[in-house]
Amino acid sequence: MNVPAAQQMRFAKKTPSKQAGLMPAKVVLAPTLLKDHNLARVKPGWTPSYLVAFRMIILLRFFAAMYSSISDCDEVFNYWEPLHYLIRGTGFQTWEYSPVYAIRSYFYLLVNALPPFIGQRFPDKRVSFFVLRLTFATVSSFVEAALYRATVVHISPHIGRYLLVTLLFSAALWTASTAFLPSTFAMWGAMLGQAAAIAPVDGGYRRITKVAVAFATAAFVGWPFVAILAVPAGLEQLFIRGQEKFAKGKGALWAAKRAQAMFVAGVAGMSVLIPVVYVDSKAYQKLAIVPLNIVKYNVLSSSGGGPALYGTEPSSFYILNGLLGFNLMFPLALLSLPALAITTIVDPKRFGDLRDRVAAHTAPAVSLAIRLVPMYLWIAVISLQPHKEERFLFPAYGLILLNGCTTLYLVRGWLEQAFLKVTKSPYRATQTSLFSNFTRAVLVLTTIVSGFRICALHTYYHAPLNIYHHLQTFELPRLALLTYPSLYTATPLDPTLPFANFSRALGDAEFTVNIEPLKALELRLCLGKEWHRYPSSFLVPDELEVRFIKSAFDGILPKVWEEPGEGKGLFGRATGVVPEGMNDLNREEPDRYVDISTCHYLVDLDFPLRTRPTPPSEPRYAVDSAHWDRVHCQNFLDNEESSRLSRTLWVPFPGWQKGNRFGDYCLLRNKEKF
């Protein structure tokens, strides 16, 4: 139909604004190291933005902050206790904080001090504990999301998606992400450093400076040995051309430019050491280079000393821990370099079309190999040390998942090539769901196993935190109501009720019972063989004094920190005072113990199913009803009497728990004191 022009309706074309600041930005994505050449015409899968990934991760990390257990006594006595001392003036001191040895950094404590300092504005100091854990969860989510996005942009969107899933549900990160340990801090720095190192190498300053500062911060503030993870990126910066172009005969100028950028990055990284040395020297009242002291103690200790005093493990230790924390992803990670080598033979187009290659440029396979090497380097270094601990593997956690996801993607590529070889049909390769179902099955399986492992950790080993929570929330309020009834006349609670009824009434009450009057009783909580599961003074009310009694352990225990006093160290605390009764030989110091008759409460673990006799210094207090009342007990897994599989995973199958045996983790009350 002919319509007059004046009556026609037309939509104006969208034209870019001529104002410089309003020109639409053209997004140019850097080429990834790995290509989906068989599925090039298939719609790409969903890759969440950085912010969406951060939100997904932080949700699970917050759960970990609130519900994960403390798995290492070093976390408590070397970090939670000194922080409690700096903030509140009380706590336990280990020999590592003696100015004679100075192998723990106060700068690391101060970096983490602000959240719990704010948390003490609340009447319950438990808030400080969990506020700091939630802060750790936030930081961990930030660095994990950064590693994920760097993988998506520079290696492969497929690997990035796999990495996000495994980061979310990893049992290893459930524990490590919110631990108050320098190795956790080093893990964050290693993830940030690796995220920067994943980007293509160039002659500029920005990439290598990010790498240097991230790894230097991880090393100087966290753990000095982590600096070795930066070696591959440093060598790449100096000797690998990457995709850079330069005129013939300009190689020397190119090398000089790279070296100059490396020097600037090195200076930026080393500058991190300045505030660390300053704060630690102020704290110890002498020049203290703590990262150097740590290296000297762990590597150059004289015979008869060093970390081996605290136990040695076989070379298979980290293999077993890797399987526990990452299950399927750990063997895949160990196979990443062999899988890469195989891919160069069976699927060379995975690295791009050969016709698009520039002869002088670095092959994508070589660039990818450089990014996979740090994990192997770290595992090799820590495996050579006789003293091994799970936390030593923390800095490589992000790298393990990156390598494992890379292997998974490369194996998927092998399946694609096999499918094409059999069907001779690229079109059918784009239509089949075989490849996505394969990777989906692996990811679902590793997620389920990780979930079972997390459930096992919480179900089998969370009793200590529950016991101390019961002490503060139920036992001490009941004692206050019984001891000082005249102070609580307005409180409609009957402390003579059975425990279950009293707990229910207290839980339903819209108020809390002030236990401050209990200070007059000078209550003492004692720890024997369960000293190493003490969750820190942040989770024990100030109305209780915590002390140790003799047990079968014959090493050195922490001692009560000296009372704060002006001029003795950092913030008026006694951080610069050389304490008596400290040694670096793990030799027992008798002044740590008190007589058990002075204890009002005792935390102890009893295994009723064990048939061997207990040591004379560790009687079964929990069954000594003549002297001790059981205030509250919870199940705690008996590893020795439980089957290996059922104690490793918690599975909701009928009969699964038949392989497990449990002990009683108890809060006991001294009958003679009450």
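Analyst: A residue is called buried under 20% relative accessible area, exposed over 50% and partly exposed in between, with a 1.4 Å probe and protein chains only. On that scale, 51% of the 674 residues of the chain count as buried. The model is predicted, so local features need pLDDT of at least 70 and side-chain atom pairs count only at pLDDT 80 or more, while totals for chains, interfaces and linings use all residues. Residues are numbered from 1 along each chain as its sequence is written, and side-chain values use heavy atoms, with hydrogens and water left out.

Along the principal axes, the C-alpha atoms fill a box of roughly 100 × 65 × 65 Å. Contact here means heavy atoms within 4.5 Å. Among contacts in the chain with a separation of 6 or more, 78% are between residues 24 or more positions apart.

Now the cysteines. A disulfide is a covalent bond between the sulfur atoms of two cysteines; in this analysis the criterion is a pair of cysteine sulfur atoms within 2.5 Å. The structure contains two disulfides.

One of them is formed by Cys526 and Cys599, with an S to S distance of 1.9 Å. The torsion about its S-S bond is about -85 degrees, which means that the disulfide is left-handed. Cys526 sits in strand 2 (residues 523–527), and Cys599 in the loop between strand 4 (559–560) and strand 5 (601–606), so the bond ties together parts that are 73 residues apart in sequence. Cys526 has a relative accessible area of 0% and is therefore buried. Cys599 is also at 0% and counts as buried.

The loop that holds Cys599 also holds Phe571. Phe571 is not a glycine, yet its phi is positive, near 55 degrees. With a relative accessible area of 57%, Phe571 is exposed, whereas Cys599 is buried.

Cys633 and Cys666 make up a disulfide with sulfur atoms 2.0 Å apart. Here the S-S torsion is about 115 degrees, so the disulfide is right-handed. It links distant parts of the chain, with Cys633 in strand 6 (residues 628–637) and Cys666 in strand 7 (residues 662–670), 33 residues apart. Cys633 is partly exposed because its relative accessibility is 25%. Cys666, at 0%, is buried.

With the bonded cysteines numbered in sequence order, the pairing runs 1-2, 3-4. Cys73 takes part in no disulfide, and the nearest cysteine sulfur, that of Cys526, is 19 Å away. Cys73 is partly exposed at 23% relative accessibility. Cys455 is partly exposed too, with a relative accessible area of 31%.

For context, here is a helical part of the chain. Helix 13 (residues 290–299) has Val290, Pro291, Asn293, Ile294 and Tyr297 buried. Viewed down the helix axis, these buried residues fall within an arc of 160 degrees, so they line one face of helix 13; the arc is that of the directions from the helix axis to the C-beta atoms. The cover over them includes helix 9 (206–222) and helix 12 (273–284). Asn293 has 17% relative accessibility and so counts as buried. Apart from neighbours within four places in sequence, Asn293 contacts Tyr101, Ala102 and Ile103.

Thr217 belongs to helix 9 and is partly exposed at 22% relative accessibility. Leaving out residues up to four places away in sequence, Thr217 touches Phe185, Gly222 and Val272. The C-alpha atoms of Thr217 and Met270 are 8.9 Å apart, although 53 residues separate the two along the chain. Gln285 lies in the loop between helix 12 and helix 13. Gln285 has a positive phi of about 60 degrees without being a glycine, and its relative accessible area of 46% makes it partly exposed.

Last, the surface and charge of the chain.

Definitions and conventions
Helix = DSSP H or I, 4+ residues; strand = E, 2+ residues; numbered from the N terminus.
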